[in-house]
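I opened this notebook page to record what I looked up in the model, entry by entry. The notes follow the order in which I went through it.

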Amino acid sequence: NDTHGGYLVSITQDRVTRLRQLIQESGFDRRNVHEVTQVLLQNSNANTGLLSKDQYDNAMRNIVSNGGGSMSQESQRRLSDLLSSIFFAFVRDKSSRVVALELASGFTVLCGGRKSDKLEFAFDLIDDDKDGRLSRRGLWKYLRSFLTVLMSISSASANMTEGHIYSAIDSASTWATAQVFGAEQDKGLGSNNNHNHNSGVSMMVTVVVSGAFVLMTLPSGIRREGMVVYRGWNCWI
């Protein structure tokens, strides 16, 4: 994006409509984040916290089979493609395994429930020591998990190389994290290098469309309308 010096990620209305249809037919919109996360984590390796593709597929079959929906063969094929693209978007090395907690955090966008509840739940997933705060790296992981899912369902997957996609995700997450911690330091809130969700820091992010939401970083200076405060974070809705 020449205007803001970054990447412009688009999700067409047709893609949003097809995604919403798949989520409804598969029953994901009727499964809350607690249920879905529990299934994902139960299928992961208890010692390493990693999730293989076979383990992920088993978790997805469990979730969909209990979703109560009836799907055509074509819908099943498209759902399989979608779920596979999300998994492989999180694969960063030759082990073909992903960090289960990070995938579960990003996966909350497909679950039922309120956006604020999903954001809070994902925050708590990434909060390793459960003190209600995220370190700089923790916030980076939090943002990256959502951006990874966003990129996997956008047109970027067809128009960008794998390397460029990873670079865009990491760069955007790093930039947004720096903005949050920079804002905290300006207010005298960031000396311990942790982000407290009650700090009142303004964070440029959140959002979506049609029953799911995606997280994206917005360049500073963009006009913000319809903002709500979620646990001290300003969210664009």
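This is a predicted model: local features need pLDDT of at least 70, side-chain atom pairs count only at pLDDT 80 or more; totals for chains, interfaces and linings use all residues.

**Entry: the whole chain.** I looked up the secondary structure and found 9 helices and 6 strands, where helices (H or I, at least four residues) and strands (E, at least two) are DSSP runs numbered from the N terminus. The chain has 237 residues, and 45% of them count as buried. I then turned to contacts, meaning heavy atoms within 4.5 Å; among those between residues at least 6 apart in sequence, 68% join residues at least 24 apart.

**Entry: salt bridges.** I searched for a side-chain nitrogen of Lys or Arg within 4 Å of a carboxyl oxygen of Asp or Glu, which is what I call a salt bridge, and the whole structure gave 11 of them. Arg114 pairs with Asp117, with the closest N and O atoms 3.0 Å apart; Arg114 is exposed at 56% relative accessible area, whereas Asp117 is partly exposed at 33%. Asp29 and Arg30 also form a salt bridge, at 3.6 Å from N to O, and here Asp29 is partly exposed at 32% and Arg30 is partly exposed at 46%. For the salt bridge of Glu35 with Arg31, I read 3.2 Å from N to O.

**Entry: helices α2 and α3.** With axes taken as lines fitted to C-alpha atoms over the stretch in contact, and angles running from 0 to 180 degrees between N-to-C directions, I found that α2 (residues 33–43) and α3 (residues 53–65) come within 9 Å and cross at roughly 145 degrees. On the α2 side the contact is made by Val36, Val39, Leu40 and Asn43, and on the α3 side by Gln55, Tyr56, Asn58, Ala59, Met60, Asn62 and Ile63. I sorted these residues into 7 nonpolar, 4 polar and no charged, counting Ala, Val, Leu, Ile, Met, Phe, Trp, Tyr, Cys and Pro as nonpolar, Asp, Glu, Lys and Arg as charged, and the others, Gly among them, as polar.

**Entry: Ala104.** I located Ala104 in helix α5 (residues 100–107), where Ala104 is buried at 1% relative accessible area. Leaving aside neighbours within four places in sequence, I found Ala104 in contact with Thr37, Leu40 and Leu125. The C-alpha atoms of Ala104 and Val36 are separated by 7.9 Å, although the two lie 68 residues apart along the chain.

**Entry: helix α6.** I checked the length of α6 (residues 115–126): its 12 residues should span 16 Å at 1.5 Å a residue, and the end C-alpha atoms are 17 Å apart, which agrees. The expected span is 1.5 Å times one less than the number of residues. Among the buried residues of α6 I listed Lys118, Leu119, Phe121, Ala122, Phe123, Leu125 and Ile126.

Key
Residues are numbered from 1 along each chain as its sequence is written. Side-chain values use heavy atoms; hydrogens and water are left out. Buried means under 20% relative accessible area, exposed over 50%, partly exposed in between (1.4 Å probe, protein chains only).
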